[in-house]
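Please look over the sequence and the structure below before reading on.

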Amino acid sequence: MATDDASTPSSAGDIEHIKINASNLSKVGFRPSFWTYLKQVWEFRHFIIFDSRSRIAGDAAKDSLGQTWLVLNPILNGAAYFLVFGIMLGTGRGIENFVAYLIIGVFMYRFTVSAIVAGSKAISGNRSLVTAFNFPRMTLPIAINVRELMRQMIAFVTMIGLIAIIPPLEPISWKWLMFIPIVAIQFLFNLGLSLVLARIVTVWNDFSHIITFGTRIWMYLSAIFYGVERFEDLPIVLTFMYANPLFCILDMTRDVLLYDAWPDPMRWLVLGSWTVGLLVAGSIIFWQGEETYGREER
Amino acid sequence: MTTVEKPFSQGQPVVVIDEASQVYTVGTASVQTEDRTLWQRMRGATGVSVQHVEALKPLSLVVRTGEAVGVIGTNGSGKSTLMKMLTGHLPPSSGTIYATSTPIMLGVNAALVKTISGHDNITLGCLAMGMTRDEVENKRPSVIEISGLSESALRLPLKAYSSGMSSRLQFAIATSMDPEILIIDEALNTGDAQFRDRTKARIDELRAQAGCVFLVSHSLNTIRSMTNRCIWIEQGQLVMDGEPEVVTKTYWRYTKFMAQKKYKAGAQLLAATKEALIEQKIAWQMN
């Protein structure tokens, strides 16, 4: 107490030495160790689930068509690409069932892009929550990715429905079940990338502009509306294409849903390595910035 | 210079601020019209220049269990900076802040999630503090009671709330965990008289549970009625630390001088008050 015996007015420049025992005090604003941090994130799983569920309801309330846009958006995009690339430029020539090929490309691309764009804003878009409470911040990008996964469910159902009804009809086989692990890996891949991007955006907000540009370029480079066969004479391009995780996702999905084939093990390997690498690097990079996220932008 | 050695005071230290200071580096987007050299123009082309502002000079303070500390000072004196440093949202430029647990801060501007209902905000806020779903449901009635909001209001999304309603809800949520260290930044000024009484009762409860409360307010009446210790921060420095009655009275005289443009008298009062302050130094003891 400052008001007890020692604070009787006395000559200037007095110094009062207060003896403090440091036993139950800890520094404010320092991040826990990595493993403790991951454990804390796990303890906040109820928060993650509730946050993602409540946001879906809140977001849908803004537009009068609500969740319908999740389906309309890729369909409209797909129609536009079909017009430009399929009919005007003819990039689809030689591709078996081009419409379904395009639909898979557009829908699967959208899942990754909407997840990482939203995920990159996990901290910058939730300032009020971050400054109000002290929860492990990694829960926010995770919640956003869970939310995007839940939101895309309708889109995936639409996609499969379209493939099933648009001629030429593809045989429905047990291989279609392989779509589930593909989406699961895609979810983890998105999460890993979101964690990296979210940290970069908090350090340097301008990066969100680059993300918008980057996702656009990535779309053109991922064989969404053309086939890779056109690069058969260019092995370098093919190598880059095969190393592109988004291409792997599209190719694997097309194999199981369209071509009644098992995905190339090479694709699993490439996509799996990207996913594990990004998840590990992403969690470490995100954790390293933990104590900085509540700070105000100046 | 004399050195006063003081034995342990009553109460365990809850917050220890050890020589913490804050220097802001601010990017200013400026549109200057006066003559500049070509080089300055080119450098200024991004519209951003960098300045350093010393918001808080090194400050030491020990707050113990059961204390409700009022924090006063004119605008820009550094009070809010100090509070942000306490929550860990702003790391000190030098020095360190220790606490028994991470302080929880309540501010008027920190709305929760605007698009979801009051009920959902209670759930989200409580979960964000680490409760389980069952604990949230157990706490819900008391949160609703403290917030004083009606069932129909709680079903509305937060964007339909007045600022008073949302700060009441936020206060209720943030105190539902019985935080050991609570920082209240101007939140009470938006509430009505009934809510103010409820807040006072809640603050007393928290203090009784061996916690401490910081209350930043421009209302000297609020400080006098709700706190048992008061610190005055001016120009980034601790000026006075003591009984709320005494500190608020001196502060009131200072603001009066400044309002009447008697800057010299104000500066003299400030200097004299600062002279009388016994500077605190932390002497760490090892177990």
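## A covered helix in chain B

Helix α3 of chain B, spanning residues 118–128, is mostly covered, with 10 of its 11 residues buried (buried meaning that 20 or more other C-beta atoms, placed from the backbone, lie within 10 Å of a residue's own, whereas 12 or fewer make it exposed and anything in between partly exposed). Helices here are DSSP runs of H or I of at least four residues, and strands are runs of E of at least two, both numbered from the N terminus. Among the buried residues of α3(B) are B:Asp120, B:Asn121, B:Cys126 and B:Ala128, and just after this helix B:Gly130 takes a positive phi of about 95 degrees.

This is a predicted model, in which local features need pLDDT of at least 70 and side-chain atom pairs count only at pLDDT 80 or more, while totals for chains, interfaces and linings use all residues. Residues are numbered from 1 along each chain as its sequence is written, and chains are lettered from A and ligands numbered from 1 in the order in which they are written.

## A residue of chain A in contact with chain B

A:Leu129 has its place in helix α5 of chain A, residues 127–132, and it counts as buried because it has 21 C-beta neighbours inside 10 Å. Leaving aside neighbours within four places in sequence, A:Leu129 is in contact with B:Leu112, B:Val113 and B:Ala128, where contact means that the C-beta atoms, placed from the backbone, lie within 7 Å.

## Two crossing helices in chain A

The axes of helix α3 (residues 68–88) and helix α6 (residues 139–165) of chain A come within 8 Å and cross at roughly 50 degrees, the axes being lines fitted to C-alpha atoms over the stretch in contact, with angles from 0 to 180 degrees between N-to-C directions. The two helices are therefore oblique to each other, since angles under 35 degrees count as roughly parallel, over 145 as roughly antiparallel, 65 to 115 as roughly perpendicular and the rest as oblique. The contact is made by A:Leu70, A:Val71 and A:Pro74 of α3(A) together with A:Arg151, A:Ile154, A:Ala155 and A:Thr158 of α6(A).

## A buried strand in chain B

Strand β7 of chain B, residues 181–185, is mostly covered, five of its five residues being buried. B:Ile181, B:Ile183 and B:Asp185 point one way from this strand, and B:Leu182 and B:Ile184 the other way. Five bridges join β7(B) to strand β8 of chain B, residues 212–216, and the two run parallel (strands pair if DSSP finds at least two bridges between them); in β8(B), B:Val213 is the bridge partner of B:Leu182.

Conventions:
Two residues are in contact if their C-beta atoms, placed from the backbone, lie within 7 Å.
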